[in-house]
Amino acid sequence: MNKSSKRRNRRLQLWIIGIPMLLAAIYYAVLAVDRYASIAQVVVVDSAGAAAMAQQNAGAAILATSTRQISKAETIFLYEYLTSPDMLQQLEKRLQWHEHFADQLTDPFYWLSKTVSREDLLKFYERVVTVHIDEMTGLISIEVEGLTPEFAHKTLSVILDESQKYINDVSRQIARNQVLFAEEELAKAHADYERKREELVEFQSKNSLLDAEASAKSQAGIIAGLEATIATEKATLKSLQATLNADSPQVRQQKNRLSALERQLNAEKANLVSSSQGGHLNVVAAAYRKLSVDAEIAEQAYRLSVSALQNAKIEANKNVHSLVTVVQPNLPEDPTYPHKLYNLITLFVALLLIYGIVRFVIASIEDHRD
């Protein structure tokens, strides 16, 4: 290797490894601020899970939650809330959160301007507040960084407090929506039932019939009775005609009796059966039957709505969720970040790899020139 190659390699080592490592060492030794991390673990459970937590232990409640998957939706809602501008707004309101980081002026990577935009503030918030969900158990791990142990602990405590309020509000809102929907359906069913019942009562009053269908059946029974009587009287008339003259008083009397029964039968039939007039009993009975069926259906729907409302109230009470803190926020004694030695070693290895790649590229170019 000639002298020019050696000088070039030294320059590469200087620019690719030496200077970056020197800057990193200066940053971690002089500029980097210690960051303390407070950690907590929570889980969203329903009333049954909360009872298990109170009576047994955290593991039983988590297992019940994981097995039944009763709080999956609320867990996702909470995760989104924890990383949302709404949570950041609560921290600003209660702790003046971003001023804690704006007060330090040494570390450029963890410094905030007092006039920072909401978007940049949210990005910074997502850097120092880490949320992780265990999909198997529904356990949510929250890690909050602060420049002092007390601030990290206080921030996490506020986050848990606001999370509990949020879960309570969401749970109550879902329960209220379920009950409200059932109440609306009950009101509709009740109004429909009252309307159908009033139509039936009005129809009964208009036609002076309590039960048109029963009246029609009674009328049909009268007709059947008349037809049976007429058949008997005809048989009697034939018997008389076989033994007496046609002009005998008995035969004439029987004929008159038979004629009167036939006229009565025709009148009853005319009153019962009609296809064109609305005042006849069969038409009235058909209309009454329709109104009666409609009223029965409306009553059944009303009863089902009453049961549905009762079930909705029971389910709403069952599905009330709460936030259970499995691991309480800790007050750190030693700084968690930055991992100075680890980061420097990692950076050194990465720079060596970059240096090796650059050397390989340069050697390849030189070989092609030759």
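**Close-up 1. A salt bridge joins Glu145 and Arg35.** In this predicted model, the two side chains meet with an N to O distance of 2.7 Å; a salt bridge here is a side-chain nitrogen of Lys or Arg within 4 Å of a carboxyl oxygen of Asp or Glu. Glu145 sits in strand S3 (residues 140-146), while Arg35 belongs to the loop between helix H1 (3-31) and strand S1 (36-45), so the pair links distant parts of the chain, 110 residues apart. Helices (H or I, at least four residues) and strands (E, at least two) are DSSP runs, numbered from the N terminus. Both Glu145 and Arg35 are buried, where buried means under 20% relative accessible area, exposed over 50%, and partly exposed in between (1.4 Å probe, protein chains only).

**Close-up 2. Asp103 pairs with Lys114.** The closest N and O atoms of this salt bridge are 3.5 Å apart. Both residues lie in the loop between helix H6 (97-102) and helix H7 (118-128), so the bridge ties together parts 11 residues apart in sequence. Asp103 is exposed at 54% relative accessibility, and Lys114 is exposed with a relative accessible area of 54%.

Close-up 3. Asp192 is partly exposed at 25%, as is Arg195 at 42%.

**Close-up 4. Salt bridges link Arg94, Asp161, Glu162 and Lys165 in a network.** A search of the whole structure finds 10 salt bridges.

**Notes.** Residues are numbered from 1 along each chain as its sequence is written, and side-chain values use heavy atoms, leaving out hydrogens and water. Local features need pLDDT of at least 70, and side-chain atom pairs count only at pLDDT 80 or more, whereas totals for chains, interfaces and linings use all residues.
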